[in-house]
Structures are given as structure tokens and as C-alpha cells.
Amino acid sequence: MRHYLSGFLALLLLSGCSWFVTPPSRVDNPVIEGVNYVGMAVSDLERSEKLYRDATEIQLIEAGKLNDNALINEVAQRSGVTARTKLLRGVNAQVLLMQFDDPSEKAKASNFVDANGPGLAHLAFQVIDTTQTYQKILAGGARHIGDKEMVTNPKTYVSYAYVRDPDNIMIEIEHVDIEKLNLPIPPKNARRLRHVSLATTDMERLIDFYSTLLETENPRRSGQYFHNSGEPVDKISGLKDSEMEMAWFQVRNLELEIIQYHNPAPKVLDAPRPIDATGFNMIMFDVTNLETAKQMLLDAGGSVVTKTHLLNGGKTFFGRDPDGNLLGFQTLAAKSPFSAKNFKNNGME
């Protein structure tokens, strides 16, 4: 009987049945309200802006400069750090491009993050296929990682591809075939930022951390019992014999993806990546109360790495999750261009 039940359960899981899965739940008034922006350190600010603007129609909102900012100095562990910035806004989330004037030697020596990580691995854009976003980003100077042809899920009519921009920063493009989906109400927007992805060496540890920090139970998961693998996964990731699992947390306006490759296993880092190393360097959360957020970060198993200083016109501190990923916690006026409050109804208005 036990053998029969095990086989029956395996069949249900393989078929995608969700009868035994408790749906995600988040408290009504969470301390972390949304994501103000994802930070991206680049080598050529104008080139990066043009690439993402032309391919994804993300818009320039504000250009600025970080000039010997106390918070950035503290997290960089040196004084006099300066960077030019450009805030790019999509319909539901934002990216802060940052070009540091004099990156540290440690930053210069940092390798780019592979698909299997560890660290802040990629940012995903989900678009209607007729936008030709994948073709546009390749034409703009990005290069495909796995197969050049996108990989299509025949059940969802979504096609996937990973690319690297000229700085080796990884971007995921998801093309949705709206015509085949035959939705009763078509999407309001043709493009949106789908998620920012954290590649980890310990899925359960990171899920426990973000479940506490984001006040969310039972995040959506895939590959928990039977790892996602096979030729389609290899074609997207560019990795041989890939096996991985994923989980997702919705942080109001942007999804946080956690991914663990069981094969090939990711490298273990000796120390967190420097803030001025080329690549994704932070997730900036919009919070209701800094002291409460700080205690929640510690209770979840994270660490506080700076004092509270002004950044983007709001009080801000930095911490790290158990993998060392840099997280910012910030209180901003609703009228601030950096605030997640710019996106009403999860970026649908």
C-alpha cells in the first residue's frame, strides 16, 4: 500500500497537480511593501541605458550622482566613492544603473555571476512576443547564453531565453504568445519586469529567510520533489546536464525568484561581491518602519551591515541575507521617483 501511494503521489506531482499544495499567503499590511528598485553596476551608463530602453522600452526617469555618500561608503568599506546613476522605470518596477568612477581592485577582479550563481543572477522581462524584445536585445549588443532559438513551453505558450549584455550581466527574456493563450481579457501592458533572481547553494535556508522577512508563507515552488532538468533547461541555461529547483515570492510590484542548481553545483564565494563590481548589486525594499525591518532582518537570519543614512532622499540601511546578497531598506515619500508607491495595484495601473 505504501509503495502504491508513493507512486500515485509521484504521478500527481509530475502531472503538475496542486491538490496537496497550500497556496502562498502574505499578511495584509507587510512591513516590506514593495521593491523600490534593483541596482545594477555597469561599465558604460549611456550604452546600458540605450540597450534596455531600445529593447524593453524601459524609460529614463532620473539621472543623478552618488558623491561620497555615507551609506555607499560604508557598505563599500572605503571613502570617497562616487558614481553616476540613471533610474529606469518599467510599468511595474525600476532598475538603478550605477557607473562607479573608480571601482576597487576587488570589484575589478570579480567574475560575472553564472546562471547557477551564487548571488543576484538575473533580471527577467516578460513581454508579448510581438514586441520582438529578444530579437531587439540581441541586435542591441547582447548575446545568447544557451541556444539562440528561444525554448517554448507548449503548455503555457511562453518562450524563454537567457542573454548577457555587453557587461556580461544576465537577463532573462520571456515571450508570451497572447494569441494562442486566447485570454478573455488581454494584458494591459505589453511588457513588465517579471522577477529578480537569486541563485543559491541552499534553497531551504533562503526560503526560510525570505518567508520570515517578507511575511509570506508557502511560496510557489517548482522542482522541489523532482528537479527541473532535461534538454530544454540546458538550452536555456547553457549548462550541461542541469538540474534545478525554484521558488517565487511576490513582493507587491516585483517577484523575487530563488533558484538552486543541484547540477552543475554553484561555486561557494569566500566573501560577498563588492557593491561596485559589475552586475546586479542590490535589491532596495520599500518599508513602513526601518527599526521594525531591521529587527525582522535579524530574526530571519540576516545581518545588518550599515548604520542608517540618507540615500535617494530617504532614510536607508543595508543588510545581507544568509547568502550575502545586499538588501537595502528604505523609507521614502510617495512622491519620490525612487518609491515603489509609484506602482499602484501591483503595477497594473
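This is a predicted model: local features need pLDDT of at least 70, side-chain atom pairs count only at pLDDT 80 or more; totals for chains, interfaces and linings use all residues.
I began with the UniProt record. Its unreviewed entry lists "domain: VOC" for residues 34-176 and 192-332. I then looked up each span in the model. Residues 34-176 are 21% helix and 43% strand, with 25 Å between the end C-alpha atoms. For residues 192-332 I noted 21% helix and 43% strand, and the end C-alpha atoms are 23 Å apart.

**Second largest pocket.** I next turned to the second largest pocket, whose volume is about 350 Å³. Its lining comprises 22 residues, and Leu269, Pro272, Asp323, Gly324 and Asn325 are the closest to the centre. I checked which strands take part: β6 (119-128) and β17 (279-287) each give at least two residues to the lining of this pocket. Sorted by class, the pocket lining holds 11 nonpolar, 6 charged and 5 polar residues.

The largest cavity has a volume of about 80 Å³. I counted 13 residues around the largest cavity, with Val113, Asn168, Ile169, Gly279 and Phe280 nearest its centre. Here β6 and β17 are the elements that contribute two or more lining residues. The classes in the lining of the largest cavity are 7 nonpolar, 3 polar and 3 charged residues.

**Cross-check.** I compared the elements noted for the two linings. β6 and β17 are listed for the second largest pocket, and β6 and β17 are listed for the largest cavity.

Notes. Residues are numbered from 1 along each chain as its sequence is written. Side-chain values use heavy atoms; hydrogens and water are left out. On a 1 Å grid over the protein atoms alone, a cavity is a set of points where a 1.4 Å probe fits but cannot get out, and a pocket is an open set with protein on both sides within 12 Å along at least five of seven lines; lining residues have an atom within 4 Å of a point. Grid points are joined across faces, edges and corners, and a volume is the space filled by probe spheres set on the points. Helices (H or I, at least four residues) and strands (E, at least two) are DSSP runs, numbered from the N terminus. Ala, Val, Leu, Ile, Met, Phe, Trp, Tyr, Cys and Pro count as nonpolar, Asp, Glu, Lys and Arg as charged, and the others, Gly among them, as polar. UniProt positions are given in the numbering used here, feature names are shortened, and annotations may be inferred rather than shown by experiment.
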